[in-house]
Amino acid sequence: MEVALAEAELALEAGEIPVGAVLVKDGEIIARGHNRRLETGDPTAHAEVLVLRDAGRRTGDWRLEEATLYVTLEPCPMCAGAIALARIERVVFGASEPRAGAGGSAYNILEDARLGHRVQVIAGVMEEECGRLLQGFFDDLR
């Protein structure tokens, strides 16, 4: 999660919503990234989606089984769907997103068997640090 937080800091420096993500398999980081919607003009350039794309390119496989995704904010429905379809084994997230989180807060897409794959969810890891970074960003906007 510390590496994901470092990625979130990079997003913050770029003026993006500070969300970072890291994909780990067999104890090694396969991919890491942060939000880049402003930079790319791409509404799908969330940290999780960018990490999944990069991991698929690096491994040559869209199936990212037995991997763990660490993300500083609970994934949204778009990201949760992509995570489930990539067959990620586990998602570990920091701050919950009660309005649109799809890892159990507002929705539970990650554990929904109708997608053909259930993702194990571990919530609240380094929650205070992740939440503080996000809260500071939104406080500065106001």
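Strand β1 (residues 20-25) has five of its six residues buried, so it is largely enclosed by the rest of the structure. Buried here means under 20% relative accessible area, exposed over 50%, and partly exposed in between, with a 1.4 Å probe and protein chains only. Strands are DSSP runs of E with at least two residues, numbered from the N terminus. This is a predicted model, where local features need pLDDT of at least 70, side-chain atom pairs count only at pLDDT 80 or more, and totals for chains, interfaces and linings use all residues. Residues are numbered from 1 along each chain as its sequence is written, and side-chain values use heavy atoms, leaving out hydrogens and water.

Two strands pair if DSSP finds at least two bridges between them. β1 runs antiparallel to β2 (residues 28-34), joined by six bridges, with K25 opposite E28. The two strands form a hairpin with two residues between them, and D26 in the turn has a positive phi of about 55°. Five bridges also join β1 to β3 (residues 67-73), again antiparallel; there L23 has L69 as its bridge partner.

## Cysteines

With a disulfide taken as two cysteine sulfur atoms within 2.5 Å, the count is zero. For C79, the nearest cysteine sulfur is that of C76, 3.7 Å away. C79 is buried, at 0% relative accessible area. C130 is in no disulfide either, its nearest cysteine sulfur being that of C79 at 15 Å, and C130 is buried at 1%.

## An aromatic pair

Rings of Phe, Tyr and Trp (its six-membered ring) pair if their centres lie within 6.5 Å; planes under 30 degrees apart are stacked, over 60 edge-to-face, and the rest tilted. One pair results: F137 and F138 have ring centres 5.0 Å apart and planes at 80°, so they are edge-to-face. F137 is buried at 11% relative accessible area, while F138 is partly exposed at 31%.

How values were computed. Helix = DSSP H or I, 4+ residues; strand = E, 2+ residues; numbered from the N terminus.
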